[in-house]
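My entries follow in the order in which I made them.

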Amino acid sequence: MDRLSASRTRRRASRALLSIVIALAISGCSFATDPVEEPPPGPFYIQDATGRRWDFTYAIVHYEFDLSHFGTSKGPYARPPITDPVMVSPGDRSYPPEDATLQVLAVDFGGERRAYGIADIIRNEVLDDGFGDVHLAVAY
Amino acid sequence: MYSREIDGRALTITTSGWTYYNQHMLFDHETESFWFHMEGTNDLTCVAGHYAGRKLRGVPSHYGPWHVWVAEHPDSKILKSQQR
């Protein structure tokens, strides 16, 4: 091999090496720009006055709830619902007169009509009633 | 007013004690899920807990003065009051 051939061979080898280095560099760059999978947000908790924490991550992630709009709570067990409502019928001694001034929530369900005086459910906020096999919640 | 039946069971619905945007957040004792009446719907949506994403159907109801209701429904029963 003469000197000219040897020089060409070295140049080719240098170019090949340079190509490999560039390829590796580009490949390295592409790894660096791959999107990083972020961990799921949360968990997010809200704490009641008893100290118990409740997981509201689902509400925040799926419904965009904002925990700053929650007030304080004594906890979900602080105020039980009315679960054994006693209903009175027309003609009963404690049935209110037609002109009684009271606000009601009322329902006509399957032909049976029932009314619930707001003043009687407001303390508990919820009354759980049943119409035969059908169960309803009255909330105010 | 809402159905409190889901997956063949009746839930005990109560108040959670919390309000969100001044609207009560409800809660069920059986699964400790939280239920909320989302704007633009008639139903309760479970926003946290076991039934997250599920709904309890809203039931049409009347809210107003007793005299209006009873005039239209003279056979209506009414919750026995502790105050009358």
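**Strands across the chains**

I began with β7(A) and β1(B), which run antiparallel and are joined by 2 bridges. I take strands (E, at least two residues) and helices (H or I, at least four) as DSSP runs numbered from the N terminus, and I call two strands paired if DSSP finds at least two bridges between them. The model is predicted: local features need pLDDT of at least 70, side-chain atom pairs count only at pLDDT 80 or more, and totals for chains, interfaces and linings use all residues. Residues are numbered from 1 along each chain as its sequence is written, while chains are lettered from A and ligands numbered from 1 in the order in which they are written.

Which residue of β1(B) is the bridge partner of Ala137(A)? I found Tyr2(B) there. Ala137(A) is also the bridge partner, in β7(A), of Asp128(A).

I then followed β7(A) (residues 134-139) back to β6(A) (residues 126-131); the two run antiparallel and are joined by 6 bridges. They form a hairpin with 2 residues between them. In that turn I noted Gly132(A), with a positive phi of about 65 degrees.

I looked up another pairing between the chains: β3(A) (residues 87-88) and β10(B) pair in the antiparallel sense over 2 bridges. Val88(A) stands opposite Ile78(B) there.

**The contact**

I counted residues as in contact if their C-beta atoms, placed from the backbone, lie within 7 Å. The contact takes 56 residues from chain A and 46 residues from chain B. On the chain B side, β4(B) gives the most, with 8 residues. I sorted the residues of that side into 22 nonpolar, 18 polar and 6 charged. Here Ala, Val, Leu, Ile, Met, Phe, Trp, Tyr, Cys and Pro count as nonpolar, Asp, Glu, Lys and Arg as charged, and the others, Gly among them, as polar.

**Backbone angles**

Most residues other than glycine have a negative phi, and most peptide bonds are trans. I listed some exceptions.

The peptide bond from Gly42(A) to Pro43(A) is cis, with omega near 5 degrees. Pro43(A) lies in the loop between α1 (3-33) and β1 (45-47) of chain A.

Glu64(A) has a positive phi, near 55 degrees. Is Glu64(A) buried or exposed? Glu64(A) counts as exposed because it has 7 C-beta neighbours inside 10 Å; the cut-offs are 12 or fewer for exposed, 20 or more for buried, and partly exposed in between, with C-beta atoms placed from the backbone.

Asn22(B), in the loop between β4 and β5 of chain B, has a positive phi of about 65 degrees. Asn22(B) counts as exposed, with 7 C-beta neighbours inside 10 Å.

Note on methods:
Two residues are in contact if their C-beta atoms, placed from the backbone, lie within 7 Å.
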